[in-house]
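Here's a quick briefing to read with the structure open beside you.

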Amino acid sequence: MCSKFQLFYVANIHLFKFKNLVAYFSIKGKKGRFSRVLFFGKSSYSVHKTAKINIHKGTLVVNRHITKKDPFVGYLEMYQNSEINVSDTFFIHSGCDIMVFKGAKLNLGSGYINRYCKIRCYDEITIGNGVAISENFTIWDSDAHQMINGSEPTQPIVIGNNVWIGTNVTVLKGVKIGDGCIIAAGSLVTKDVPANCLAAGVPAKVIKENVEWK
């Protein structure tokens with residue numbers, strides 16, 4: 001966990017890299033006094049002029065490397081009137097592939113998502129505070145297409161506070177994962193998971209209640 005001084009130091013050192021300097025002035029949104037949007041390594045972004053990144057405090061770090069020689073490319077794309085809202089410092093590690101579509105909102109609390117995440121936000125995705133999300137995480141709040149006489153193709157997703165998600169997990173539309181949950185590696189989450197439960201499987205099912213992690 002970084003101290004406030006470390007976060008301030010990192011934010012201000014990297015602000016003066018050209019890519020981050022351009023992002024700081026070109027991407028709209030309300031930001032706290034020392035808040036920054038930082039792009040690391042081989043990252044790129046396409047942000048529509050009406051899109052916003054709002055940061056209450058802390059820093060949004062995109063494509064953060066694990067090692068200094070990390071070769072993985074990260075990408076952020078935001079369409080018309082889309083938003084990313086950050087409550088506190090949130091790290092998205094290298095190899096990320098993030099798309100926030102027209103009018104959609106991606107809400108991030110604090111914590112991190114490890115390498116190779118894929119985020120497709122068509123409506124609204126909310127990820128809480130103190131989250132630890134492992135590699136190859138995929139989250140889609142839409143089917144992207146609609147089946148005739150089927151359910152709504154797009155439904156919001158909510159991941160609560162203090163949630164630990166293992167590697168190779170996929171979370172699909174309409175899901176709510178409660179505070180304190182653990183989602184086992186390789187799970188496909190298609191239904192709600194109550195607070196403080198361990199869920200596993202394809203599709204994921206609750207296999208243990210009243211769990212804690214650290």
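Asparagine 168 sits in the loop that links β16 (164-165) and β17 (170-171). Keep in mind that this is a predicted model. Here's the rest, by topic.

- Most residues other than glycine have a negative phi, and most peptide bonds are trans.
- Asparagine 168 has a positive phi, near 60°, and isn't a glycine.
- With a relative accessibility of 43%, asparagine 168 counts as partly exposed.
- Alanine 144 is another non-glycine residue with a positive phi, this one near 75°.
- You'll find alanine 144 in the loop between β14 (138-140) and β15, and at 38% relative accessibility it counts as partly exposed.
- The peptide bond between valine 202 and proline 203 is cis, with omega at about -5°.
- Proline 203 belongs to the loop between β21 (197-200) and β22 (205-209).

**The sheet**

- Six strands make an open sheet with parallel pairing, in the order β3-β6-β9-β12-β15-β18.
- The edges are β3 and β18 (176-177); each has a single partner strand, so one side of each has no neighbour in the sheet.
- Strands β12 (residues 124-127) and β15 (residues 157-159) run parallel and are joined by three bridges.
- Isoleucine 127 has isoleucine 159 in β15 as its bridge partner.

- Lysine 49 is in the loop between β2 (43-47) and β3 (52-55).
- Is lysine 49 buried or exposed? Its relative accessibility is 65%, so lysine 49 counts as exposed.

How values were computed
Residues numbered from 1 in each chain as written. Predicted model: local features only at pLDDT ≥ 70, side-chain atom pairs only at ≥ 80, totals over all residues. Heavy atoms only, no water. Helix = DSSP H or I, 4+ residues; strand = E, 2+ residues; numbered from the N terminus. Buried < 20%, exposed > 50% of the residue type's maximum accessible area, 1.4 Å probe, protein only. Pairing = 2+ DSSP bridges.
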